[in-house]
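Please look at the sequence and the structure before reading on.

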Number of protein chains: 2
Amino acid sequence: MSRLTHTAYVRRKPLRVESVSSQMTSTDLIKVSIVEDDERICKSLSALIDGSQGFRCIGAHRDVKEAVAGIAAGCPDVVLLDINLSGTSGIDCIRELKNLVPTLKVLMYTVYDDEEQLFRSLREGADGYLLKRTPPARLLEAISDVHIGNSAMSGQIARLVVKYFHQLGPRVETEKLTSRELEILRHLAKGYQNKEIADLCGIGFDTVRTHLRNIYHKLHVNSRTEAVVRFFGSSLKE
Amino acid sequence: MSRLTHTAYVRRKPLRVESVSSQMTSTDLIKVSIVEDDERICKSLSALIDGSQGFRCIGAHRDVKEAVAGIAAGCPDVVLLDINLSGTSGIDCIRELKNLVPTLKVLMYTVYDDEEQLFRSLREGADGYLLKRTPPARLLEAISDVHIGNSAMSGQIARLVVKYFHQLGPRVETEKLTSRELEILRHLAKGYQNKEIADLCGIGFDTVRTHLRNIYHKLHVNSRTEAVVRFFGSSLKE
DNA sequence: TTGAAAATCACTCAAATGTGCGATTCCCAC
DNA sequence: GTGGGAATCGCACATTTGAGTGATTTTCAA
């Protein structure tokens with residue numbers, strides 16, 4: 001069950017795996033690439049990975065340009081991507097790497113718990129975010145975690161993410177809204193203006209305005225912008 | 001250094017702790033309360049906690065009402081809060097509990113990896129979110145993690161969170177904006193209107209409008225609402 | 001069937017917003 | 001020192017939006 005010898009706990013059950021990337025590797029070996037400036041860290045990382053059962057380090061790159069070429073050739077399962085590279089930031093190549101290798105999982109690896117970089121990374125498509133202080137066992141665990149389709153992040157990073165949601169504040173009480181009102185609110189949150197909403201809903205211009213008035217009352221706001229602000233994050237589905 | 005005997009890794013360094021709750025416990029003991037429907041789970045949880053060095057289970061409650069009373073009295077450091085309780089959902093008392101005991105950390109504990117409940121919980125102020133399949137070692141680790149001010153979540157939960165940010169899409173290119181423009185955009189994203197922004201920035205009404213005009217051009221939008229939509233999620237700081 | 005909530009539309013008026021054009025000042029890099 | 005970006009302000013005009021008021025139709029459950 002355990003491919004890790006460094007830690008007591010690794011993986012409890014053969015979780016339903018969303019990603020199919022594991023099927024693509026030979027004999028369940030996780031192929032890892034490293035993109036890292038610092039030679040020393042790079043070496044110790046590849047040593048750790050190669051020294052662990054079930055993991056294989058298939059590449060180590062010093063900058064973004066080299067990494068893109070190497071990763072396109074090597075087709076790793078997971079890439080450990082440093083952010084503070086000399087030259088281009090690692091963040092700027094997340095998308096590119098994922099385009100090259102669609103099944104690729106990107107695990108950011110950095111010393112700083114910087115909000116700006118964290119959220120940029122996540123929005124660019126990163127699958128995990130680890131601080132360099134992360135102990136080896138947990139690092140390997142994270143790699144195998146993202147490999148099976150889950151995500152991983154350090155406790156301090158998770159804290160920033162949680163803080164983000166705390167700041168969003170309590171969710172807007174969409175329960176109080178009628179279905180029509182909710183529909184219109186969603187259109188608002190896409191930036192449409194009243195006339196467009198009227199067309200989209202197939203109703204009159206003035207009707208939209210009436211609905212908006214009611215929405216504002218229910219959400220305790222007095223402008224469309226405020227309504228959008230209140231709405232955001234609530235239900236990203238659809 | 002290690003208060004956990006169940007796992008190899010616990011805590012590497014005396015991290016700077018944002019919360020002061022640890023100072024308030026006697027001799028570094030983490031006081032945990034449980035709010036859990038199922039008697040069996042409840043018992044095994046309290047057994048696990050009491051059986052682990054550094055942890056102490058000071059209460060087990062079956063429903064929200066009982067929990068509120070008990071937690072107000074016991075002042076635990078961390079509460080393990082089940083979501084699917086009979087009667088009121090656990091989510092609805094997160095805020096209340098935190099008001100009663102401001103230093104309290106709330107760790108959601110549930111079987112389902114439901115997006116709706118996850119995001120509602122986080123926005124209500126939950127500090128962590130664990131699935132019940134979480135192995136004991138990791139559970140204890142999570143408790144001590146949130147206790148020192150970090151956050152914890154299961155891999156599958158982290159995956160949902162990450163997915164949320166992926167859906168937000170790439171961040172708006174705020175680099176193109178000047179600092180003043182960015183400042184104004186942030187005010188926009190809080191729902192302020194032009195006059196208010198002018199006051200907040202200490203500049204004239206017409207200047208705000210000029211800045212807005214430029215912002216719209218740079219973001220390729222034609223209304224404040226669109227600008228807000230584009231902006232959202234980028235940098236919630238301040 | 002009857003009542004209440006939901007959805008629809010219309011009209012008005014004031015306020016806020018979008019847009020085009022022009023202008024001055026300040027600061028910094030070349 | 002000079003050119004250019006950034007920040008500032010002003011004015012004019014059309015459009016959009018917010019808010020008040022009233023009314024009709026649809027829907028659905030008691």
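Which elements of chain A and chain B each supply at least two residues of the surface near DNA strand D? They are α9 (194–201) and α10 of chain A, together with α8 (179–188) and α10 (205–219) of chain B.

## Basis of the model

The model is predicted: local features need pLDDT of at least 70, side-chain atom pairs count only at pLDDT 80 or more, and totals for chains, interfaces and linings use all residues. Residues are numbered from 1 along each chain as its sequence is written, while chains are lettered from A and ligands numbered from 1 in the order in which they are written.

Helices (H or I, at least four residues) and strands (E, at least two) are DSSP runs, numbered from the N terminus. Residues are also sorted by class: Ala, Val, Leu, Ile, Met, Phe, Trp, Tyr, Cys and Pro count as nonpolar, Asp, Glu, Lys and Arg as charged, and the others, Gly among them, as polar.

## The surfaces near the DNA

The surface near DNA strand D divides into 3 nonpolar, 11 polar and 7 charged residues.

DNA strand C is surrounded by 21 residues, the closest being A:T178, A:I203, A:G204, A:T207 and B:Q193. Two or more residues of the surface near DNA strand C come from each of α8 and α10 of chain A and α9 (194–201) and α10 of chain B. Here α10(B) provides the largest share, 5 residues. By class, the surface near DNA strand C has 3 nonpolar, 11 polar and 7 charged residues.

## Helix packing in chain A

Two packed helices are described by the angle between their axes and the distance between the axes. Axes are lines fitted to C-alpha atoms, for helices over the stretch in contact, and angles run from 0 to 180 degrees between N-to-C directions. Helix α8 (residues 179–188) and helix α10 (residues 205–219) of chain A pack at about 95 degrees, with axes 10 Å apart. This makes α8(A) roughly perpendicular to α10(A) (angles under 35 degrees count as roughly parallel, over 145 as roughly antiparallel, 65 to 115 as roughly perpendicular and the rest as oblique). In this contact, A:R180, A:E181, A:I184 and A:L185 of α8(A) meet A:V208, A:H211, A:L212, A:N214 and A:I215 of α10(A); two residues are in contact if their C-beta atoms, placed from the backbone, lie within 7 Å. The contact of α8(A) with α10(A) has 5 nonpolar, 2 polar and 2 charged residues.

Helices α9(A) and α10(A) pack at about 105 degrees, with their axes 8 Å apart. That makes α9(A) roughly perpendicular to α10(A). The contact involves A:N194, A:K195, A:I197 and A:A198 of α9(A) and A:F205, A:V208 and A:R209 of α10(A).

## The sheets

In chain A, 6 strands form an open sheet in the order β2-β1-β3-β4-β5-β6, and the pairing is parallel. β2 (55–61) and β6 of chain A stand at the edges with a single partner strand each, so one side of each is left without a neighbour in the sheet. Two strands pair if DSSP finds at least two bridges between them. Strand β1 (residues 30–35) and β2 of chain A pair over 6 bridges in the parallel sense, and A:C57 in β2(A) is the bridge partner of A:V32. Helix α3 (residues 64–74) of chain A lies across β1, β2 and β3 (78–82) of chain A and runs at about 145 degrees to β2(A).

Chain B has an open sheet of 6 strands with parallel pairing, in the order β2-β1-β3-β4-β5-β6. Its edge strands are β2 (55–61) and β6 (152–153), each of which pairs on one side only.

## How the chains meet

Chain A can be laid on chain B with an RMSD of 1.3 Å by a turn of 180 degrees and a shift of 0.4 Å along the axis. The two copies are thus related as by a two-fold rotation axis. For this comparison, copies are superposed by least squares on the C-alpha atoms of residues with pLDDT of at least 70 in both.

The contact between the chains takes 50 residues from chain A and 51 residues from chain B. On the side of chain A that touches chain B, α7(A) gives the largest share, 11 residues. That side of chain A has 21 nonpolar, 14 polar and 15 charged residues. Of the interface residues of chain A, 96% are also interface residues in chain B, so the copies meet through the same surface.

Methods. Near = placed C-beta within 6 Å.
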